[in-house]
Amino acid sequence: MKKVQVALSKVFSFSAAHRLHVPEKDQAFNQQIYDKCNNLNGHGHDYYLEISIKGPVNTKTGMIIPLTDFDQAVEKVIAPLDHRHLDHEIDYFKNHRSTGEEIVKYLWQELEKYLGKKLFRLKLWETNNNYFELERID
Amino acid sequence: MKKKITISKKFEFSASHRYWIDDWSAEKNNEVFGLCTSPYGHGHNYELHVTVSGPVDPQTGMIINLSTLKAIAGKIVEQFDHKFLNLDTPYFKDRVPTTENIALVLYELLEEQLKKEAGITLEKIRLYERGDLYVDVWPEDK
C-alpha cells in the first residue's frame, strides 16, 4: 500500500455574543464597515467549529490522538467562550476585532497549546452562510 | 494552468464495533476509549465518500463510469454492512476498529481494486462515523 496521510475532523459548537467595532474610529466609520454587526448592544451566533488533526495513527490505539484527550483539550478552549460576550469577556478580543478571521486565529493559538503540530485545519462556521478556514501548509 | 478533476461517490453502511485492547486493564481501556468499550459493541451509520481522479475520456466524458465505481466500491463496502466489525470482518483481529483504522482498511482495499479493475487512481476517501466526525485518507505525496 502507498504511504498515506490521515486526518480526523470533529465538529464542536459554542454560542457567543459579539460586536464588531473599532473603538478609535467614529460611529460613521464603524457603521459603514460593519453595518448590522456594529449594533451597540451586540448580537450572537451559534458557532460551529470543525477541528482537524493530522498525524500518524498510533498502532496500539488506532487513533491519531485518543478521542477522550482530544475532546478534553477542545473543551478547555471552547468552554470559556460558550455563552459569553467575546469582546467584553475574552481578553484576546480587547485588542482584536471579533470577526470570524480573528476568532479562528484565536482558536488556533489556543488549540495548538494542547494539540501541537497535529492541529491541521480549523473551519469556523459563523452562520450557515459564512465560514472561515485556517490550515497548516508547511 | 494545471487543473485536477475528480469525481466522488457516496456509500453507506451500518456496523457495530467495540474499542478494547486485551493487554490493557479495564481501567486503562475505559480511560482511553470511554463509552466505546461497551462490552457488546455499539453502532453507527457510516458514510463513505470515494474520490477518484484521472483524465476525462473524450468519448464518454467520464473519469470513470459511475456504475463501475459503484460496483467496485459497493462490493468492498458490503463486507462491512450490518456486521460487528471486530468479529465479522477479518480486518480488526489485531487492530482497534477506530474510524482511522476503518478508513485505512477501506483505503487499502479501494486503492487496490480500483487500480486492478478499472486502472483508476484513488484520490481520497472520507469516512463519516457520524455527521460530526470523519476521517480523510489520501496519498502522502498529495
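**Ground rules.** I'm working with a predicted model, where local features need pLDDT of at least 70 and side-chain atom pairs count only at pLDDT 80 or more, while totals for chains, interfaces and linings use all residues. Residues are numbered from 1 along each chain as its sequence is written, and chains are lettered from A and ligands numbered from 1 in the order in which they are written.

I found His83(A) in the loop between α2 (67-78) and β3 (84-85) of chain A; helices (H or I, at least four residues) and strands (E, at least two) are DSSP runs, numbered from the N terminus.

His83(A) counts as exposed because it has 11 C-beta neighbours inside 10 Å. The cut-offs, on C-beta atoms placed from the backbone, are 20 or more others within 10 Å for buried, 12 or fewer for exposed, and partly exposed in between.

Glu126(A) sits in strand β4 (residues 119-127) of chain A and is partly exposed, with 17 other C-beta atoms within 10 Å. Leaving out residues up to four places away in sequence, I see Glu126(A) touching His45(A), Tyr47(A), Gly100(A) and Tyr131(A) (contact: C-beta atoms, placed from the backbone, within 7 Å).

**Chain contact.** I get 23 residues from chain B and 19 residues from chain A. On the chain B side, α4 (99-118) and β5 (133-139) each give two or more residues, and α4(B) gives the most, with eight residues.

Methods: Contact = placed C-beta atoms within 7 Å.
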